[in-house]
Amino acid sequence: MSQATPLMPHATAQWLVDNTALTFEQIAEFCGLHILEVQAMADDLASSKYTGRDPVHSGELTHDEIEKGQNDPEHALVMQRAPVSVSRTKGPRYTPVSKRQDKPDGIQWLLKNHPEVSDAQISKLIGTTRNTIGAIRDRSHWNIQNIQAKDPVTLGLCSQRELDAVVAKAAKKAGLEAAQEDVGKAADERSALIEELKAEREQAVKDAAEAAQEAEAEAWLARKREAEDGEA
C-alpha cells in the first residue's frame, strides 16, 4: 500500500526543490507527482507558480529523513505524519459559483413538475434555503421575471439518481398519507353506518313496543264493550 501524499503536494515539492538537494525522483515520489512536473518547477518553467510549503513545519517530514534522502539518492522519503483528511460537515449541498445562478430555474422546475417534493427535500437536493423556495413559489423573488423552469439535472445541480430518489421518496410519503386518509374516511363511514343501524334497531324496538301497547289497549276495549253488551 502506497503512503499518503502531502496535503499540498505541489507547494511541498516547490519547497523541497528550493531548500534541499533531494533528487527530482525522490521529490516526485514523495509528493505523488510526475518527475517532469518537479523538473519544471526547478527550471522555473511550471505553468503555475507555487509558494513553497515546509513539510518539516507541518510534521510530514523530519530533518533526519531529508538528510537520509540527500545522502542516499535511492532512499525513498517516508511520511512521518500523514495529513488529516478533512471531511465536509453536514449542511446544504455545495454548488460551484458558476452554477448558483441556475438554482432558481431548478427550484421552479421542481415546484412545477413535482409538487409532492417538500421544501426540505428541495433545499437539500439543490443546496438552497427555504426562504428562496418560498419566494419563488409565491412569485415574490427579486428576479422572478427571469426565472424559467429547467431540469436541475440538465443544469448540473444534481444527478439523475439523486433526483429520482427524492421524487420516489416524496411520492411514497404522499401515497402513505393518502392511504391513511382513505383508512380514516372508511373508519368514519363504518362508524356512521353502525350508528345508523343501531338507531334503526332501537326505533324498531320502540315501534314494536308501541304496537303491542296499542293492540293490548284495543283488546281491552273490545272486551269491555262485550261485557257492556252482555249486561244490556
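Biologist: What percentage of the 232 residues in the protein do buried residues make up?
Modeller: This is a predicted model, and a residue is taken as buried when its relative accessible area is under 20%. By that cut-off, the share of buried residues among the 232 residues in the protein is 28%.

Biologist: Which cysteine counts as buried at 2% relative accessibility, and how many disulfides does a search of the whole structure find?
Modeller: The residue with a relative accessibility of 2% is C31, which therefore counts as buried; C158, at 8%, counts as buried too. A disulfide would need a pair of cysteine sulfur atoms within 2.5 Å. Across the whole structure, the number of disulfides found is 0.

Biologist: What pattern does the protein follow along the sequence?
Modeller: The secondary structure comprises 10 helices and 0 strands. Read along the sequence, the pattern is accordingly written α-α-α-α-α-α-α-α-α-α.

Biologist: Are α7 and α8 roughly parallel or roughly perpendicular to each other?
Modeller: The axes of helix α7, residues 119-127, and helix α8, residues 130-137, come within 9 Å and cross at roughly 115 degrees. Because angles of 65 to 115 degrees count as roughly perpendicular, the relation of α7 to α8 is roughly perpendicular.

Biologist: How do the residues of the contact of α7 with α8 divide into nonpolar, polar and charged?
Modeller: In the right-handed crossing of α7 past α8, the contact is made by D119, A120, I122 and S123 of α7 together with R130, I133 and R137 of α8. Those residues divide into 3 nonpolar, 1 polar and 3 charged.

Terms used
Residues numbered from 1 in each chain as written. Predicted model: local features only at pLDDT ≥ 70, side-chain atom pairs only at ≥ 80, totals over all residues. Heavy atoms only, no water. Axes fitted to C-alpha atoms, helices over the stretch in contact; angles between N-to-C directions. Helix = DSSP H or I, 4+ residues; strand = E, 2+ residues; numbered from the N terminus. Parallel < 35°, antiparallel > 145°, perpendicular 65-115°, else oblique. Left-handed = near helix turned anticlockwise from the far one by under 90°. Contact = heavy atoms within 4.5 Å. Nonpolar A, V, L, I, M, F, W, Y, C, P; charged D, E, K, R; others polar. Buried < 20%, exposed > 50% of the residue type's maximum accessible area, 1.4 Å probe, protein only.
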